[in-house]
Structures are given as structure tokens and as C-alpha cells.
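Hi,

Here is the structure I promised to pass on.

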Amino acid sequence: MEETLIEIRTDHPAVVKTDILVVAVFEDEAAYTDPQIQELADRARDWPEFSGKSGDELMFYDIQGVKAKRVVVLGIGRAEDADRETVRKACGKAVNRAVAADLASLLICIPEPGGKASGRKAAAEAMMEGAVLANYRFDLYKKEKKHKPINKIEFYAEAGFENQARRIAKKTEIVCQGTLLARDWVSMPSNDKRPTRLARSIAKAAEKEPLETVVLDTADLKKNRMRAFLSVASGSSSRPQMVVLDHRPESWEKTIVLVGKGVTFDSGGINIKPASGLEGMKQDMAGAAAVAATLICAARTGFAQRLVGVAPLVENMPSGTAYRPGDIVKTASGKTVEIGNTDAEGRMILADALDYAINQYAPDVVIDLATLTGACIVALGEKIAGVFSPDAKLSGLIADSGQKTYERCWSMPMPEDYRELLKSDFADIRNVGKDRWGGAIAAALFLSEFTKGARWAHIDIAGPAFASKAHDYCQPGGTGFGVRLLMDLIEKL
Ligand code: BES
Ligand code: MN
Ligand code: ZN
């Protein structure tokens, strides 16, 4: 992971030799003060099929006085409506097209007012995000690599904006490369990311950064009495692992802990999933992937506070040694859990991981990310994550970061009277409710039993962790959801 993709240039775009020159245009006003660039944008509006509304695109070839082979003009709508996501998508689309056409070079002009809804720096950042994220294909398992990513994406900044643009580029590229790393991990098939293997892959990526990495093995988990975590592992021939990444700058005031669900394959266990639900369950470690990638980004950007990432990794399988419905297991916290359903495994491993993280690091804030419930997808669809927290200010901050990064998060309730769903006749608590109603809330309430009053939020990413369809800056597969969100959030905590 190196930030070498984006380059800032200051020579006039018209004299730069490139495969595509990318220019954005508002529907209602000029996007550039430079008359020559604005003239290119205006040229598109002479065509009836192009009005400048968001999503409009027009390509020109061999324009006189322009060295670029092609000029693509992107509509980004009315200036006052043009928000970060509008420019992110427009830029993503242009890069995506360049990748699909096997082009080698691109020069992108950042719209100067940036859209009244966002501003110029925001537009630069969002455009760079769209560019880096769109320039990615998961083709590790294909003999023939259909589309080669571009190895240099240039942005034009005129002299006064140059230094700022460079700083934005550096940070943005780190964060987006982190997102792509998380995508790699999530898209990787489960046969190549059993817990030990994934732990090694995470440790290897972390090794290059100033991070302290510890991997807890079965014996360590036993020592820590993490029986809930171990009970999930018991059905699999793969050993469970818990990866801890610690970013400890020279001086810090706050400790933030991130916990990520890392089920490398979720068959459901003895409560095995129906055939249709199984194939996608390689994605069930997306929380762990996002947390690990965020730690790497935080180390690379020199985040000022202490940040610890905890990723319990395990495979949930049925077998003669698997845990069963009706079993009662004692968690690290001492509370006993009656297993109502072995497919509610995520909350079991998180119960122990949260308990461990809170005891060990006494954090000021704990955030967990988990592909926890199908119910959350029913509630919010495939693109929006559910946020659960007793702390409304914290869930508000998360929702704000979600809006900014467009890794959208919606605040969900945690009604006290719903705790009754988790009552057990024989143990302290059951791992599932008596029926399927309010399943995402029941899961969040279960987790809250293990947070010991710490300032905590749970983000259910079962929907947005994986894309079944391509969009402007993400192909089908892991989305890397959470990395950009968390990188924005931790700055505000
Ligand atoms: N990993 C699943 C949740 C999930 C579903 C993630 C679809 C991504 C896409 C989780 O472990 C699970 O199986 N949850 C159960 C809980 C139920 C048994 C209470 C569910 O949602 O059905
Ligand atoms: Mn499950
Ligand atoms: Zn699961």
C-alpha cells in the first residue's frame, strides 16, 4: 500500500498529453475561471443530449488546441446541489470508463467553486475518492486480467491550490487504499482466509506500519475464558484467532477501541443456513476487515490518539464438535448465555471481544462493526448501516460521518423493554429473541450486556458490506464499507 496513484499537476490542462482530460460542468453556472477549461465544459452544453445534470456525460475526440486525446465532460447538476457524492460518483464513472477502455492516463480538473453544497476542498477530496475507489478490480483469481487499473491519475491544480491539493491527495489516497485493502479481504473466498491465514495476512499488512500487532491463539483465548468465542469455533477444524492492532502515538489523551466481527465463513452452524443464504457468507468478516484497514490508515496518517483494533476471527461450521442449540456457555464477562440459535454467532464472539477490549484498554469510546443481522438489511436495505448506541450524541456523530463519506448510517432505537426478548429460562441471557421481530435491535441489546457502561456504539453493516451490483465507484464484491467512515469519525471523538 503506497500512495503513488494520484499526482497533482500545475501546468495548464490544454498542454498536457493524456488519454482523457476530465472536466466537470454545473447545470447553471461556470465551474472554472480559466476560460479555456470552461469553454470545453460549455461545448458539451451545445448538444441536446447534455444539460449538465448529474450523470450526464459527453466525450469529445481530437479537440483543437488541446493535447489530450479525448475530453470527457461530466454533468454534476446545479451548483447549489452538487454535494460530495455527486462529484465522487461523476469522477468514479469517468475513471471506471477509462479502466474499462484500458486507457493509461487521466487528467482531472477539479471544479473550482466545488459546488456550493460542499466547497472546493471537499470537491477535491470527493473527486480523488471517486477516482481511487473506481480504479480497482478484484481479479486475483482470474487467469486473464480483463481490465488493468490505471497506475497514475493526475489532477490539475492551479498554482494557489497546489499545496492544499497535495495534502488532500496524500490523505485521501491512504484512506482509499485502506478501503481497497478491506475490499480484497472481504472478496477473498473463505477457503483462502481461514482465521489463521487471515490473521497472518492482517499482521503482514500491519507490519509495514508503526503498529503493535498481537495475535491471540486458542490457548490465549482459553486463558482469557472466552468461552463464547471458543464455542463458535468448536465446530470448525480451523483454529480461532484474535488479532489486536495497537496504534500508540508518542503522546495521546484518548483511547478509542474498534472491534470488528471476523467470521470468515458463516454456515450458520448446526442451525445451518438455507442454500440461498450460504454463498454470500464469506463476507461475514467485513467488520474485522474494516477495523484492521482503519488501523493501518490511522498509523499511516499519524492519527493523534491511541487507537486499538480488535478482530476476533473464527469460522462457524456444523460438525460433531460444534456447539448446539440449548447449550449454555459462560462468557468472559461471567454471564451465561443459552444458545437459541447457532447462527447468532457474531454476537457470541463480540460479547467476549468487547469484554476483553474494555477490560484491557479502558477505552473512552468503543465502536464495533459487524455484519450482524439479516434483520438490519430488511429494515434499511443493502446500502445503509444501522447504528445502535445508548449515547445519542455518539450515534449522531456517526450518522454525520456517514453522510459526509456516503457510507450511510441510520440511528436505530434500543428500547429497554425489548430486553425481555432475550430472557432465558436457564441462563442469564439467550443469544436470540423468541421470534424474529426486531432482530437487529435484539442483537444490539445483547451486545450492550457486555459493554460495562463504556461509551459504545454498534454499527450493523450486514447490508452495505458487500455489493451485489456495480455502481460508479465500486464493482460487485466487498465494498470496504467502514474504513472511510471510521477514519472520518475518529477525528471527531
Ligand atoms: N452473518 C449473519 C448476518 C448476515 C445476513 C450478514 C446476511 C450478511 C448478510 C448473522 O450471523 C446471522 O446469521 N444472523 C441471523 C440471526 C438470527 C439467527 C437471530 C439472521 O440475521 O438471520
Ligand atoms: Mn450467523
Ligand atoms: Zn454471521
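A question to start with: are aspartate 266 and glutamate 345 buried or exposed? Aspartate 266 is buried, and glutamate 345 is buried too; buried means under 20% relative accessible area, exposed over 50%, and partly exposed in between (1.4 Å probe, protein chains only).

Before the rest, some housekeeping. This is a predicted model, so local features need pLDDT of at least 70 and side-chain atom pairs count only at pLDDT 80 or more, while totals for chains, interfaces and linings use all residues. Residues are numbered from 1 along each chain as its sequence is written, chains are lettered from A and ligands numbered from 1 in the order in which they are written, and side-chain values use heavy atoms, with hydrogens and water left out.

**The two metals**

Donors here are N, O and S atoms within 2.8 Å of the metal (3.2 Å for Na, K and Ca); water is not among the atoms, so sites may look incomplete.

As for the cut-offs, six donors count as octahedral, and four as square planar, if opposite donors are over 155 degrees apart and all others between 65 and 115; four count as tetrahedral if all angles lie between 85 and 135 degrees, and anything else is irregular. For comparison, ideal angles at a metal are 90 or 180 degrees for six octahedral donors.

The manganese ion (ligand 2) is held by Asp266 (OD), Asp343 (O), Asp343 (OD) and Glu345 (OE), at 2.1 to 2.2 Å. Its six donor atoms subtend angles of 71 to 169°, so this arrangement is irregular. The manganese donors follow the spacing D-x76-D-x1-E. Glutamate 345 has a relative accessible area of 0%, whereas aspartate 343 is partly exposed at 22%.

Aspartate 266 belongs to strand β10 (residues 262–266) and glutamate 345 to the loop between β13 (336–338) and α10 (346–361), so the pair ties together parts that are 79 residues apart in sequence. Helices (H or I, at least four residues) and strands (E, at least two) are DSSP runs, numbered from the N terminus.

**Strands**

Strand β8 (residues 241–247) has seven of its seven residues buried, so it is largely enclosed by the rest of the structure. Gln241, Val243, Leu245 and His247 point one way from β8, while Met242, Val244 and Asp246 point the other way. Five bridges join β8 to strand β7 (residues 212–216), running antiparallel, and valine 214 has valine 244 as its bridge partner in β8. β8 is also joined to strand β11 (residues 306–316) by seven bridges, again antiparallel; here valine 243 partners alanine 311. Two strands pair if DSSP finds at least two bridges between them.

There is also an open sheet of three strands, in the order β12-β13-β17 with mixed pairing. Its edge strands, each pairing on one side only, are β12 (328–330) and β17 (429–430). β12 and β13 run antiparallel and are joined by three bridges, with glutamate 338 in β13 as the partner of isoleucine 328.

**Aromatic rings**

How many aromatic pairs does the structure hold? Two. Phenylalanine 138 and tyrosine 141 make a tilted pair, 6.0 Å centre to centre with 40° between the planes. Rings of Phe, Tyr and Trp (its six-membered ring) pair if their centres lie within 6.5 Å; planes under 30 degrees apart count as stacked, over 60 as edge-to-face and the rest as tilted. Phenylalanine 446 and phenylalanine 450 are also tilted, at 5.2 Å and 45°. Phenylalanine 138 is partly exposed at 26%, but phenylalanine 450 is buried at 1%.

Lysine 335 lies over the face of phenylalanine 450, 5.7 Å from the ring centre. A charge sits over a ring if NZ of Lys or CZ of Arg is within 6 Å of the ring centre and within 35 degrees of the ring normal.

Cheers
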